Amino acid sequence: MTDAIRRHRHFLMGLFIAAAAFLYLAHIGSYHLIELDEGRYHRVAMEMVLSGDYLTPHFDYMPYFEKPIFQYWITSLSMELFGFKEFTGRILPALTGLGNVFLAFWLGRTMYGRRTGILAAIIVATSALQLIVASIGVMDMALTFFIDACLVSFYVFERTENKKYLLLFYAAMGFGMLTKGLIAIVFPVGILFWYALLSKRPRLFLKLFYLPGIALFLVIAMPWYYLVCQKNPDFFYFFFIREHFLRFATKMHERFHPWYYFVPVLIAGLMP
């Protein structure tokens with residue numbers, strides 16, 4: 001049995017890739033917009049196509065600064081190609097959800113071997129919360145993918161000392177910054193800080209500061225922020241102060257839960 005699997009491993013891997021792609025992509029056009037945020041983000045991308053303004057997001061023809069631009073760009077490009085269909089707003093979540101599956105394979109294979117990588121990929125691919133969020137046109141799955149890409153690429157860098165993985169780290173962080181803002185920096189950098197500290201390797205964290213990588217991050221993330229601030233003077237306060245610091249430091253959005261609220265959510269979310 002094991003020898004047969006080895007002989008046909010390329011075929012089996014192709015079969016798994018095809019099955020995962022079907023699981024994440026086949027259904028995304030079969031239901032209407034089902035969530036307030038999904039409808040709002042879909043409308044923003046639609047107005048982008050109709051107005052030709054790909055710099056400033058608009059909702060109901062008013063500037064809309066709550067979220068950055070990346071998912072709107074992908075959705076509007078999809079609308080240009082396929083028309084104003086529901087599935088266009090779900091293409092990026094579905095693809096990044098699929099990307100998480102392959103990141104799980106890459107990490108598992110790097111840490112323990114191919115078998116562990118395949119099992120990790122299957123578990124992630126079929127986890128309820130992962131699949132549900134990847135099926136809705138919101139930004140959480142893309143953000144998750146870019147943060148995961150940061151952490152996995154840094155782990156591979158730690159194992160190999162190959163600095164191309166640091167470039168991948170900063171590229172993923174740049175796209176994460178364009179997807180949902182400063183959280184794409186705070187999460188991976190914060191996690192790696194505590195990882196280095198608790199493993200008693202502070203120098204490992206210092207290796208993160210790689211000038212070509214930082215330059216790559218700035219090239220990816222900063223042009224849009226600079227241009228949108230130039231065109232819209234209110235953007236900086238609303239996005240960085242109100243939607244980042246005040247959002248998390250106050251109860252202005254009425255989204256606050258104790259830490260244990262997330263325990264049953266994560267347990268249920270891991271169910272197949």
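A residue is called buried here when its relative accessible area is under 20%, exposed when over 50%, and partly exposed in between (1.4 Å probe, protein chains only). By that rule Phe240 is buried, with a relative accessible area of 12%, while Phe236 is partly exposed at 47%. The model is predicted, so local features need pLDDT of at least 70 and side-chain atom pairs count only at pLDDT 80 or more, whereas totals for chains, interfaces and linings use all residues. Residues are numbered from 1 along each chain as its sequence is written, and side-chain values use heavy atoms, with hydrogens and water left out.

Helices and strands are DSSP runs numbered from the N terminus (helices H or I, at least four residues; strands E, at least two). Helix α5 covers residues 91–111, which makes 21 residues. From the first C-alpha to the last, α5 reaches 30 Å, close to the 30 Å expected at 1.5 Å a residue; the expected span is 1.5 Å times one less than the number of residues. Of the 21 residues in α5, 16 are buried, and the helix is mostly covered. Just after α5, Gly113 takes a positive phi of about 130°.

Next come the aromatic side chains. Rings of Phe, Tyr and Trp (for Trp, the six-membered ring) pair if their centres lie within 6.5 Å; planes under 30 degrees apart count as stacked, over 60 as edge-to-face and the rest as tilted. The count by this rule is 26 aromatic pairs. Phe205 and Phe209 are an edge-to-face pair, because their ring centres are 5.5 Å apart and their planes stand at 80°. Phe205 counts as buried, at 14% relative accessibility. Phe236 and Phe240 make a tilted pair, with 5.1 Å centre to centre and 40° between the planes. Both of these residues lie in helix α13, four residues apart, about one turn of the helix. An α-helix has 3.6 residues a turn, so residues three or four places apart point the same way. Ring pairs also link Phe236 and Phe240 into a cluster with Phe65, Trp224, Tyr225, Phe235, Phe238 and Phe239.

Side chains of opposite charge can pair when their charged atoms come close. A salt bridge is a side-chain nitrogen of Lys or Arg within 4 Å of a carboxyl oxygen of Asp or Glu, and a search of the whole structure finds eight. One of them joins Asp37 and Arg40, whose closest N and O atoms are 2.4 Å apart. Asp37 and Arg40 both sit in helix α3 (residues 36–51), three residues apart, about one turn of the helix. Asp37 is buried at 17% relative accessible area, and Arg40 is partly exposed at 23%.

Other salt bridges join separate parts of the chain. Arg201 and Glu158 meet at 2.6 Å, N to O. Arg201 lies in the loop between α10 (183–198) and α11 (202–206) and Glu158 in helix α8 (residues 140–160), so this pair ties together parts that are 43 residues apart in sequence. Arg201 is partly exposed, at 33% relative accessibility, whereas Glu158 is buried, at 16%. Glu161 and Lys207 meet at 3.0 Å, N to O. Glu161 is in the loop between α8 and α9 (164–180) and Lys207 in the loop between α11 and α12 (211–231), so the two tie together parts 46 residues apart in sequence. Glu161 is partly exposed at 44%, and Lys207 is partly exposed at 37%.

The structure holds zero disulfides, a disulfide being a pair of cysteine sulfur atoms within 2.5 Å. Among the cysteines, Cys150 is buried at 0% relative accessibility, and Cys229 is partly exposed at 24%.

Val228 lies in helix α12 and is buried, with a relative accessible area of 0%. Trp259 is in the loop between α13 (235–249) and α14 (262–269), and counts as exposed at 68% relative accessibility.
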